[in-house]
Structures are given as structure tokens and as C-alpha cells.
Amino acid sequence: VAYTAKMGNTWFAVVDGKEEKPYDIIGSGSLVFSPDSKQVAYIAKTRNMWLVVANGKEGKQYEVIGSGSLIFSPNSKQVAYTAKTGNTWLVVVDGKEGKPCDGIGSRSLVFSPDGTRMAYAAKAGNTWLVVVNGKEGKPYDVIIEGSLVFSPDSTRIAYGAMMEKKQFVVVDNKEQKPYDVIGSRSLVFSSDSRHVAYAAKLNKLHFAVVDGEEGKQHNIIVRGKIVFDSDKTLHYLALNGNRIFLEEMELP
């Protein structure tokens, strides 16, 4: 168990009852355990500079560490976060800095399930693009916040983007049909990684899109959440008029 505590004018982390080194500030809510529960990391401030402390070891100091950006890989082998130095932002993975950019999407850092790939949304001038293991994708006006997702087998990637006020999903670098709105955080892969689904809106009507095929139209898909029950079936909650009901779909 870990928590932060204040004594006098300093803050420190307490891990299993043991006090760690004191700092001027420890980022609110920044304590993060690795998935295997064997490691803990947090963001701390000292002398107007911020740094990440992982297992008691201090990282490089930066002007800013991105709030909520500190994450461990699913296999617990890597720790990553965003940092700012001067006017540029960069991603830091196990202490190694990535390519500088003009901005990084809020909480956009995501590891693939096997921990071998990492992606994030980066700003370059007036455009945004997705970076996967250092390789930059096509630039767009916007990368939709929270949309970036890997498939369960870690081989595929999808995200929402916007260009000329139209939103669309990009799957494996291929752009899908444009809509008025793509449901924030609605993108999901099936457990076998073969199918991808998301919620979309066009002309005031909402519907699920599965492998590019549009489902029934509704007033609202509740919270834009779509759930795969198996490799070939999925469900979501929909609102029509004043009735909420369960919509189930079976893939051909």
C-alpha cells in the first residue's frame, strides 16, 4: 500500500510503511503501481523542477511532467510519461527521450497489451498525428482525445481523427467513412482482434459502425459504449424517444 504524506513543509511517499525521500510537492494522484504490483512511481517537485521517481530512483528533471501521463507498460517492464522542456514536449520511456514536438495529447500515451509498442498523439505546428514506436502517421487537424487503442493481439491500432470539421476513424493507417461525430472513447476491437466497432453520429442520429458497416439508427447510444461479448457478438444500450433498450448485434 502506498500514499503521500506531509510533514512540515515537505511531502513524501510512504510505501508499505517506509518513508521515501522528501520533496517540495508530490503530484496529486500521481502514485502509480505497475500491473505486477512490484513497482511504484510518482511525480515530484524539487526547486521548481519536476521529476519522476520510480522504485525510489529519480529521473531527469523537467519544467513540467504531464499531469496523468505517468504509466507502466502492461508487462510492467517499462515506465513512460510526457515532459516539457522550453517550448517543446517529449515522451520519456525508461529515461530515454523521444523526438521533441509542439505538444502531446492529454493522457494519450498508451502501450500495446504485450508491452512492445507504444503510441501517442503529437502536435506538429498546427496539425496532430499519431506516433507509434517513433514512427509518425499522417497529420490531421485533430486526433480525438481518448480514442487511441491497440487490438488485444497488439498488432493493430485505431484512433479517431478530424479533418475539415468531419470526424472519422483510422484503422491500421486506413481512413474510414467520415461522420459528424465519432463517439469519444467508443473505439473497441473484438477479442480476436479481427473486428473493430465504434459509435458515430450523422444528421442527428447515432449508430454503431462495425467493420465499416452501419447498424440501426438511434437517438443516442448511451455513453457511446460498445461491448464485444464474443468474437462475433456485441451489444450496447440505446435511447429511442423515452425508452432505453439493449441492442444486440451478431456479425456475419
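1. The residues lining the largest pocket split into 11 nonpolar, six polar and six charged. Here Ala, Val, Leu, Ile, Met, Phe, Trp, Tyr, Cys and Pro count as nonpolar, Asp, Glu, Lys and Arg as charged, and the others, Gly among them, as polar.

2. This is a predicted model: local features need pLDDT of at least 70, side-chain atom pairs count only at pLDDT 80 or more, and totals for chains, interfaces and linings use all residues. Residues are numbered from 1 along each chain as its sequence is written, and side-chain values use heavy atoms, with hydrogens and water left out.

3. The largest pocket holds about 370 Å³ of space. A pocket is an open set of points on a 1 Å grid over the protein atoms alone, where a 1.4 Å probe fits, with protein on both sides within 12 Å along at least five of seven lines; lining residues have an atom within 4 Å of a point. Grid points are joined across faces, edges and corners, and the volume is the space filled by probe spheres set on the points.

4. Of the 23 lining residues, Gly98, Lys99, Tyr120, Val131 and Gly134 are the closest to the pocket centre. Strands E12 (88–93), E13 (96–97), E16 (118–124) and E17 (127–132) each give two or more residues to the lining. E16 gives the most, with five. Strands are DSSP runs (E, at least two residues), numbered from the N terminus.

5. Serine 108 sits in the loop between strand E14 (103–104) and strand E15 (110–111). Serine 108 is buried, at 12% relative accessible area (buried means under 20%, with a 1.4 Å probe and protein chains only).

6. The serine 108 side chain reaches the backbone oxygen of glycine 105 at 3.0 Å. A polar atom of that side chain also lies 3.2 Å from the backbone nitrogen of alanine 121. Beyond its neighbours within four places in sequence, serine 108 is in contact (heavy atoms within 4.5 Å) with Ala119, Tyr120, Ala121 and Leu148.

Notes:
Helices (H or I, at least four residues) and strands (E, at least two) are DSSP runs, numbered from the N terminus. Buried means under 20% relative accessible area, exposed over 50%, partly exposed in between (1.4 Å probe, protein chains only). A polar contact is a pair of N or O atoms within 3.5 Å; within protein, one must be able to donate a hydrogen and the other to accept it, and residues adjacent in sequence count only if both atoms are side-chain atoms.
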